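I opened this notebook to record what I looked up in the structure shown below. The entries follow the order in which I worked.

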Amino acid sequence: MKGHFPIDKFQALQTPFYYYDSNVLRQTLRSIENEVARHDNWYVHYAVKANANPKLLRIIREAGLGADCVSGGEIEASLHAGFPNSKIVFAGVGKSDWEINLGLDNDIFCFNVESIPELEVINDLASAKGKVARVAFRLNPNVGAHTHANITTGLAENKFGIAMRDMVPVIEHAQQLKNVQVVGLHFHIGSQILDMGDFQALCNRINDLQEELERHHIRLEHINVGGGLGVDYEHPNRLPIPDFHAYFETYAKKLKLRPGQTLHFELGRAVVAQCGSLITRTLFIKEGAVKKFAIVDAGFTDLVRPALYQAYHKIENICSDEPKETYDVVGPICESTDVFAKQIDLNSTKRGDYLAIRSAGAYGEIMASQYNCRRLPIGYLSDDL
Ligand SMILES: *Cc1c(COP(=O)(O)O)cnc(C)c1O
């Protein structure tokens, strides 16, 4: 048996399900806290889109993080989990009127605005309520991230943010509007980034932009650098906690904040990925013409990352200590992409064995679908079993 899975307690549960190790989550949060506590003007927001399971949200809120939301639904989930409105930020290229109104009604900390038409709408809706919305502009820094093409967001070709050359005119325009107050700049260059050089490139870009702002006598309260820190999908046992020290030190060393400026982070994956596993039961072992298949009861409806991004997840047979054999681990969904891994070595697997698909805490449960009329799996916290 590998990892610390309470297999005896699993017997009563319907597979597939998500299993969240609350100790790993709490250790991860403590590690963030240790790094951030050294800076009294730093704030970390949890990117709710990585996993909005109410039990996880509650633990994250108790650790003092704010919430980074990209939809009205996420604002509602955050408020429901007890995040204070003063710690909620709201980003996204396409905010609907009801979502903006929800943010206004709840006096959230900041709207991260991604276009001039959006700015005008926020100003109008705030005016109708007699409010002043706090806004930051999301800039597209044209900084590449060494990650999968589908999850890089900070290149000029991506749909996100406002072009750098428009920064000053957009801010000067916003300063003319009565119902918005410009408080910051926002960035987010992508996800699953492990090369600190990418974050360093972002810092350099922000330093240049701040100098340009100074030349125009524009002072902003805060800089929000987004999230994107990656996790080690290969070694969830050996390296369950991401290297927060290297990440935060990059910003401490390279980013030049102005006096009084606060720095905000929005971490999603790095907070929750390693605490979660998708637990699935082996239904059948099928000897194909050229290979052996372990057919399991979870599919891409429950964890879409392998099918969507060709992502790697470590898979372990947590019931078997038999010698290793080579399998393709596949789900039951009627699509050829419903494959979790090809040609991997597992301890010899038989019908009924539990497999743990590791590092599934981020972009797992939250991306689940009911395709094939499948039931949505339940997420269990180790605390509750
Ligand atoms: C997705 C997202 C994040 C979090 O990204 P991770 O890679 O999970 O850390 C942060 N900010 C914004 C605006 C996002 O869209």
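**Ligand site**

I began with Y363: a polar atom of its side chain lies 2.6 Å from an oxygen atom of the ligand. The protein covers 94% of the 390 Å² of accessible area that the ligand has on its own; accessible areas come from the Shrake-Rupley method with a 1.4 Å probe. The model is a predicted one, in which local features need pLDDT of at least 70 and side-chain atom pairs count only at pLDDT 80 or more, while totals for chains, interfaces and linings use all residues. Residues are numbered from 1 along each chain as its sequence is written, and side-chain values use heavy atoms, with hydrogens and water left out.

I then looked up the nitrogen contacts of the ligand. An N or O atom in the E266 side chain is 2.7 Å from a ligand nitrogen atom, and a polar side-chain atom of D68 lies 3.1 Å from a nitrogen atom of the ligand.

I listed the shell next: 14 residues surround the ligand, each with a heavy atom within 4 Å of it. The closest are K49, S191, E266, R269 and Y363. By class, I noted three nonpolar, six polar and five charged residues in this shell; Asp, Glu, Lys and Arg count as charged, and Gly is among the polar ones.

**Salt bridges**

I searched the whole structure and recorded 18 salt bridges (a side-chain nitrogen of Lys or Arg within 4 Å of a carboxyl oxygen of Asp or Glu). One entry is E249 with R38, at 3.8 Å from N to O. This pair links distant parts of the chain, 211 residues apart: E249 belongs to helix 9 (residues 244-254), and R38 to the loop between helix 2 (22-36) and strand 2 (42-47). Helices (H or I, at least four residues) and strands (E, at least two) are DSSP runs, numbered from the N terminus. I also noted K131 with D107, at 2.9 Å from N to O.

**Backbone**

I checked the peptide bonds and found a cis one joining T15 and P16, with omega of about -10°. P16 is in the loop between helix 1 (7-10) and strand 1 (17-20). H217, not a glycine, has a positive phi of about 55°.

Terms used:
Polar contact = N/O pair within 3.5 Å; in protein donor to acceptor, adjacent residues only side chain to side chain.
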